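Please open the model in your viewer and keep a selection panel at hand. The stops below move from charges over rings to ring pairs and then to salt bridges.

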Amino acid sequence: MEHRKLGRQGLEVSALGLGCMGMSEFYQNAGEAEAIATIHRALDRGVTLIDTADMYGPFTNEQLVGRAIRDRRTEVVLATKFGNVRGADGSFAGIDGSPAYVRRACDASLQRLGVDVIDLYYQHRVDPKTPIEDTVGAMAELVRAGKVRFLGLSEAAPATIRRAAAVHAISALQSEYSLWSRDVEDDALPTVRELGIGFVAYSPLGRGFLTGKYRKPEDLPETDRRRMFPRFQGDMFAHNLKLVEHVEEMAREKGCAPAQLALSWVLHQGKDVVPIFGTTRRENLDANLEALKVELSADDLRRLDEIVPKGAAAGTRYPEPGMQSVNR
């Protein structure tokens, strides 16, 4: 397994990480036993970065991850997030970055995960009501208290990243990045590279769309949250499927799966970029890790730019309420 550095503070992780959200909520999952087996398989294959958040479940995903890594803690770079506030009934209660909430959220995550320290602690979404300096100041206190090792931000705008980094070193920015979500190339990626911050790319497979598994919206179960996302609806789905068909054609020529080609593209965007894919099954995990073997030449990368041009996807990446909470 190749390893990559995130930031300048000594954080090193596997080149591909495992996102665990879908094991508990939003997508169709395979059950807890298979989820834990998948995490164990990831560790067996050399994956070190395991990513969760307190809001997933809500709360139950951290508990699941904690059970999975209980006897293998030293093999894991454990990442979790705070800031998206949810009730036990699953209701959403907004975003909170206040210092008091930061402290409460961290203690609760430590308890659910069953660990003494969180390796990488992200602010999941920026709270417009709380100055970022106050939020990161409270996060820095957690580092000094030995509860957190490294700090991260998720979906933060460049100006916010700069202000945060002036308070305490930021090791990683986590934002959506894939063949069909490339807006971070405009300003977020240049900013973190200037500041020496690593980049963690979530949804590198376009929430599964780029795998080619889904040929019509009805292929998604009725309970699958992706049905609410614009890119998975109506004419936008049809438009985006044509992009996937181009990816599938190139993947056939390369002798790999579309998912492997899409993941390899993200891996080739720089040694400071670490994609985290989500899966709930061991066979999908094994297939995705084969992306590490897919070599892309400069000509291959130019061709992908041509067949899936930047901005080519139809529809926003979140429904409107979700779009209001990103890049701020």
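**Charges over rings**

Begin by selecting arginine 86 and phenylalanine 92: the charged end of arginine 86 sits over the ring of phenylalanine 92, 4.2 Å from its centre, where sitting over a ring requires NZ of Lys or CZ of Arg within 6 Å of the ring centre and within 35 degrees of the ring normal. This is a predicted model, in which local features need pLDDT of at least 70 and side-chain atom pairs count only at pLDDT 80 or more, while totals for chains, interfaces and linings use all residues. Residues are numbered from 1 along each chain as its sequence is written, and side-chain values use heavy atoms, with hydrogens and water left out. Next select arginine 207 and tyrosine 318, where the charged end of arginine 207 lies over the tyrosine ring, 4.7 Å from its centre.

**Aromatic pairs**

Rings of Phe, Tyr and Trp (its six-membered ring) pair if their centres lie within 6.5 Å, with planes under 30 degrees apart counted as stacked, over 60 as edge-to-face and the rest as tilted; the count by this rule is eight aromatic pairs. Select tyrosine 177 and tryptophan 265, whose ring centres are 5.5 Å apart and whose planes stand at 65°, so the pair is edge-to-face. Tyrosine 177 is in the loop between strand E10 (172-176) and helix H6 (188-195), and tryptophan 265 is in helix H8 (residues 258-267), so the pair ties together parts that are 88 residues apart in sequence; helices (H or I, at least four residues) and strands (E, at least two) are DSSP runs, numbered from the N terminus. Both tyrosine 177 and tryptophan 265 are buried, on a scale where buried means under 20% relative accessible area, exposed over 50% and partly exposed in between (1.4 Å probe, protein chains only).

Then move to tryptophan 180 and phenylalanine 209, a tilted pair with 5.0 Å centre to centre and 50° between the planes. Extending the selection shows that Trp180, Phe209, Phe232 and Phe237 form one aromatic cluster.

**Salt bridges**

With a salt bridge taken as a side-chain nitrogen of Lys or Arg within 4 Å of a carboxyl oxygen of Asp or Glu, the count comes to 35. Select glutamate 253 and arginine 303, which form a salt bridge with the closest N and O atoms 2.6 Å apart. Glutamate 253 belongs to helix H7 and arginine 303 to helix H10 (residues 298-307), so this pair ties together parts that are 50 residues apart in sequence.

Finish with Arg41, Arg45, Asp286, Glu290 and Lys293, which are linked in a network of salt bridges.
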